[in-house]
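Colleague: Can you walk me through this one? I would like to go region by region.

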Number of protein chains: 2
Amino acid sequence: MTEVADRQGAATHAAAAGTAEPLPAVDVAALGELLLGKWAEVRRQARDLAARDELHKTEGLTHTEHRARTFGQLKLLVDSGAVHRAFPASFGGSDDHGGNIAGFEELVTADPSLQIKAGVQWGLFGSAVMHLGTAEHHEKWLPGIMNLDIPGCFAMTETGHGSDVASIATTATYDPDAQEFVIHTPFRAAWKDYIGNAAIDGLGAVVFAQLVTRGVNHGVHAFYVDLRDPVSKAFLPGIGGEDDGLKGGLNGIDNGRLHFDHVRVPRANLLNRYGNVDAAGNYTSPIASPGRRFFTMLGTLVQGRVSLDGAAVAASKIALKTAITYATERRQFNASSPVEEEVLLDYQRHQRRLFTRLATTYAAGFAHDQLLEKLDDVFSGVHDSDEDRQDLETLAAALKPLSTWHALDTLQECREACGGAGFLIENRFASLRADLDVYVTFEGDNTVLLQLVAKRLLADYAKEFRSATFGVLARYVVNQAAGTAVHRTGLRQVAQFVADNGSVQKAAIALRDEESQRALLTDRVQTMVAEAATALRGANRLPQREASALFNQHQDELIDAARAHAELLQWEAFTEALGRVADPGTRTVLTWLRDLFGLSLIENNLSWYLMNGRLSMQRARTVGGYINRLLVKLRPHALDLVDAFGYGPAHLRAAIATGAEKVRQDEARDYYRVQRASGTAPVPEKSLPPRG
Amino acid sequence: MTEVADRQGAATHAAAAGTAEPLPAVDVAALGELLLGKWAEVRRQARDLAARDELHKTEGLTHTEHRARTFGQLKLLVDSGAVHRAFPASFGGSDDHGGNIAGFEELVTADPSLQIKAGVQWGLFGSAVMHLGTAEHHEKWLPGIMNLDIPGCFAMTETGHGSDVASIATTATYDPDAQEFVIHTPFRAAWKDYIGNAAIDGLGAVVFAQLVTRGVNHGVHAFYVDLRDPVSKAFLPGIGGEDDGLKGGLNGIDNGRLHFDHVRVPRANLLNRYGNVDAAGNYTSPIASPGRRFFTMLGTLVQGRVSLDGAAVAASKIALKTAITYATERRQFNASSPVEEEVLLDYQRHQRRLFTRLATTYAAGFAHDQLLEKLDDVFSGVHDSDEDRQDLETLAAALKPLSTWHALDTLQECREACGGAGFLIENRFASLRADLDVYVTFEGDNTVLLQLVAKRLLADYAKEFRSATFGVLARYVVNQAAGTAVHRTGLRQVAQFVADNGSVQKAAIALRDEESQRALLTDRVQTMVAEAATALRGANRLPQREASALFNQHQDELIDAARAHAELLQWEAFTEALGRVADPGTRTVLTWLRDLFGLSLIENNLSWYLMNGRLSMQRARTVGGYINRLLVKLRPHALDLVDAFGYGPAHLRAAIATGAEKVRQDEARDYYRVQRASGTAPVPEKSLPPRG
């Protein structure tokens, strides 16, 4: 009822604002299906699960109570068969990697602590045993990991090294006499830190350490280590630790520190899929290059990044559904009428604040769908070349930073857009924001990830143009970005966009045109990469210190280029999705939303387009106005666009998303209406003739 | 020791980076005095107080425990004589309005809940009795308010009306027979909401309600109402309420809801300084215009905005001191050397992230000093004309949004810049950020405040140019902004900058020149206001609905113009402060910091300067590079610039601000150095000849 009333009101408003065209309609159900994506059924099951009270975050618990509740919830997940999809069918899983991540992401709506604690147990700890271990390890540990008999840790990060995993300092030195590895923490900075399950629950751990045998350091490898006595829960001899204590969020997880004093584990505890040590201490690996081996072993981490990308999109949807619903009911100030106050969503600034973020959320969601399909292709073995894996890594490194920062920004903007009500925990913005805060720095710090993307862009550039003239560049970044290229056949498929469609200058003529937006966004990435590459030319022939200084002088530009690349990927994903929308009304509205996304990107980087002569002063001045007109067009469809997310009251759990505000506003307006009609309203002093 | 070592390293680094000039030195002690400002002694006392353990936030308490602790801390403040400075000397205060705010602001470093709960009791509740009441009220209630015998509420906001106070729905209807006012809540939306002290502690309240007598509504007035029985703490008859429950932060304060069912208070309980009702029910006021009367009564609220502005700056300082200290100790990746890892603060991006925010913090701090002096002038009666009060309101409405948003942005960026350590509550970023979150929407929603500023800019514009040609405009906004004008003689003193100094185009020639920065920043405000005014010309002759629609179409631009105005005020305040720095080295470094602030503003709005022909493409392309060179110049002085804030370990209370990271890094480097020297280091596999 609420929604219908608002839609009518909004349509009237749109008509009043001079949008003459007939109002298209959004097919909410069909759009909802599109948004559920390839693993729609898994997502539906996971949402049903996430709707259950016993999985919801209880606010106001002490962290001790919250930890206990979350651990109990993990058992419910096991009982519900919700977390085994990625494991082998032979162990009771279903070898479904994409579905596993899709289901896992949806848990964020119940409690991000639950999501991340499940991620530690099955996505990191279990996944490391599965992907880095071999048959014997699987037999020995996977059943207990899957059924939670062995809660465990993924002990990689150290106090002294987070982003630079290759430099961790824990050692695993092989002792051929005992046929054991000696796990050792040489100094305080080498304590494992921020490790989920380490403070309380972890009985076992996959510990990452420098593998040393016969005097040679073979780099970082993973070792299975028992941490605690299963009965007494006391640390085993040689092992110690500390509780990380309270955190800014995710306090349902017992993060902690671990250290090892010459702890001996059997030789067989080396998870030896990518590197083995025989009884005599001879090291062998199927991957000759230590560098490539390291990145292959770390490849399993990409799952975490992909799932954070999806969870961030889900949290953004929850926030926008609540804030936009409230903004259609909440009234403040009576600018346009003596008796009627405006609903917040009719204010231009409010539309700007919420609709631009709504557009980005759609773009991030469609980009995530492509990323998840790419992950499924790689992990299922359907497309699993080295190049596929590298493309997946790069894509995840590009998208996870943007979506997680976007989630924090959206949660905060929605909280502010709801004023004091937004600050109450009962409306969930502040709680979700606190929990998602660390998503921007864990599983790969966002800034570091964008630098990886930049390095990949530069490397590809160098590969392509080692002996070529600059003219060849015209095709380059386009190939990195074209939508279909991303999720099926890697980043490099030739799209030939610029060549086929003429100059960027021509593109600027019609900003709302899809090809024009593509040309502008693509050209920016292309030019930024080329400029950085030019500035860095010859760096590899400089002494290390000078090369490093040169890179550092361009670090900011490189990160900006990576971000521009990632934004283009999001735009391409949104545009690709438009092609799958059959209903004309839905397609019209979604195209406006895609245009809002594209033009907002152009507006955010308008100075670049101007400085580089891609847009004239006159053309640039039209961007803001065009965005404002899109806001007016989208206004009547705002509720449809958030309803299509498909989240119900059990996922939203926000007092202001229940229609309560509309009930209050209606009651107040009725009160004044009756007062006016009955003539009992007091006369305002200002309407009296002035005194003396 | 840490600092000295870093400074030497940084100096070397700066030299290596090619900055040839001899390194200036910052006189940290003198700079610290400058930053303490006019109320240095009060700030020092307040910081000593805030350093006491018993006033510190205890993390991890339930909100019930936290509330009890905070209430107990208020009593300590009373015992310390820390919170009575603004009250009359005749009641034991010291009539010191500026000093009162200065001391109050510093409490934020102990616990923002303590700051805000003290603000509710003495800054809002007590201040309302003092400023809106008259002698009888002072005698009756001020002693109990001051000594905390009467904890109380400032009951203005309602569930249905926050920003639009004039439309609150609670009524106070005069009954001449009983000589009482009847306080009544007509419907649910009129419940008082988010009221500090309402859930638990409040015995009394200043309740804002529409004063109705003899059938006329005289608008919002304040009434003293007893809420609870002082012994049983139960609500008095006719009064009810609810607990607002958990919030995103500030959980040491018991916010709640209140409602009144025909609650009778004596006629004398009207706080009658600006409006009185005699026994027969006749209303009189010293201020004839209901509008002006309303804004005069609300004028006391400006103190809250001013103090939030100062507290936001203090919190930003705490965050930057911790993050910059850590960034000089923390090492990650060894890009420039095979054995030595880089400290974070030598990375360009890290400098960008932290130094731009450091520059803004200095600017916001100096602007706050001017605002606080303006407040003191007005409240002490030294300069207390209507125009002074309006200027104070506008200045507070301009600065509070920028500084509070800046604090959230800075706390978050610092937290991210410290990675996982930043997320631990022991390092305080997340805790402070959660508590300060609501600063951007309470005591005046930031977006609404900026609209007030925009309206003032438009009104002044209209006043000045009602019958003038556009040429006169050249002087206009400059007069609004010139530094000295702000804090002594109102906003309008003629500065004649543009007229004296030639064209804006000429200014763009030397971006690092002070006059050039001023010209560019001033011209932008001036032009934006003029454009908005032109677009809105004639709006006052349109029907209300159309006028409102026209305004709404320009709402976004108006808010941007107000923001630009506020940024210019900050820049002018920073520049004015440079004139008070005697030491040449300090002045050189602070000038770089001011330039970084000014150029960052220009960079953030570069598209505007390009679109409007104020900067050429070529000139605009130099801005980023110039900023990067300033970062390198500032690098060796970063620790000095945060040390000058004057906060010690008892204010920082962050594990990573103690030098612990340097101890860990040194231990690790010593370990590897000894290993290399003794030849016991394992050989890296990658340095071996390739196998097979």
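Modeller: Start with helix 3 (residues 40-50) of chain B, whose buried residues are Ala40(B), Val42(B), Arg43(B), Ala46(B), Arg47(B), Leu49(B) and Ala50(B). Keep in mind that this is a predicted model.

Colleague: What do the buried residues of helix 3 of chain B pack against?

Modeller: They pack against helix 2 (28-36), helix 4 (63-79), helix 5 (97-106), helix 10 (348-380) and helix 26 (649-652) of chain B.

Colleague: Take helix 5 of chain B, then. How many of its residues are buried?

Modeller: 10 of the 10, so helix 5 of chain B is largely enclosed by the rest of the structure. Among the buried residues are His97(B), Asn100(B), Phe104(B), Glu105(B) and Glu106(B). The cover over them includes helix 3, helix 6 (112-132), helix 9 (302-327) and helix 10 of chain B.

Colleague: Over to chain A. What span should helix 10 have there?

Modeller: Helix 10 of chain A has 33 residues (348-380), which at 1.5 Å a residue should span 48 Å. Its end C-alpha atoms are 47 Å apart, and that agrees. Helix 10 of chain A is also mostly covered, with 32 of its 33 residues buried.

Colleague: And what comes just after helix 10 of chain A?

Modeller: Gly381(A), with a positive phi of about 85°.

Colleague: Which residues touch the most other members of the largest nonpolar core?

Modeller: Leu77(A), Tyr362(A), Leu77(B) and Tyr362(B), in a core of 348 residues. Leaving aside neighbours within four places in sequence, Tyr362(A) is in contact with Leu31(A), Leu35(A), Phe574(A), Leu590(A), Leu593(A), Leu641(A), Ala644(A) and Phe645(A).

Colleague: What about Thr325(A), buried or exposed?

Modeller: Buried, because its relative accessibility is 5% and the cut-off for buried is under 20%. Thr325(A) is found in helix 9 (residues 302-327) of chain A. Setting aside neighbours within four places in sequence, Thr325(A) is in contact with Leu320(A), Leu639(A) and Ala657(A).

Colleague: Now a loop. Where does Ile253(A) lie?

Modeller: Between strand 7 (239-243) and strand 8 (256-260) of chain A. Ile253(A) is buried, with a relative accessible area of 3%. The C-alpha atoms of Ile253(A) and Arg67(A) are separated by 5.6 Å, although the two residues are 186 apart along the chain.

Colleague: Which residues is Ile253(A) in contact with, leaving aside neighbours within four places in sequence?

Modeller: Arg67(A), Ser113(A), Ile116(A), Lys117(A), Gly196(A), Asn197(A) and Lys247(A).

Colleague: Why do you say the copies meet through the same surface?

Modeller: Because 100% of the interface residues of chain A are also interface residues in chain B.

Colleague: Last one: at what angle do helix 19 and helix 22 of chain B cross?

Modeller: Roughly 30°, with the axes of helix 19 (residues 514-536) and helix 22 (residues 584-604) of chain B coming within 10 Å. The crossing of helix 19 and helix 22 of chain B is left-handed. Contact is made by Glu514(B), Gln517(B), Leu520(B) and Leu521(B) of helix 19 and by Arg594(B), Asp595(B), Gly598(B), Leu601(B) and Ile602(B) of helix 22.

Terms used: Residues numbered from 1 in each chain as written. Chains lettered and ligands numbered in written order. Predicted model: local features only at pLDDT ≥ 70, side-chain atom pairs only at ≥ 80, totals over all residues. Heavy atoms only, no water. Core = buried A, V, L, I, M, F, W, Y, C linked by side-chain atoms within 4.5 Å. Buried < 20%, exposed > 50% of the residue type's maximum accessible area, 1.4 Å probe, protein only. Contact = heavy atoms within 4.5 Å. Helix = DSSP H or I, 4+ residues; strand = E, 2+ residues; numbered from the N terminus. Expected span 1.5 Å × (residues − 1). Axes fitted to C-alpha atoms, helices over the stretch in contact; angles between N-to-C directions. Left-handed = near helix turned anticlockwise from the far one by under 90°.
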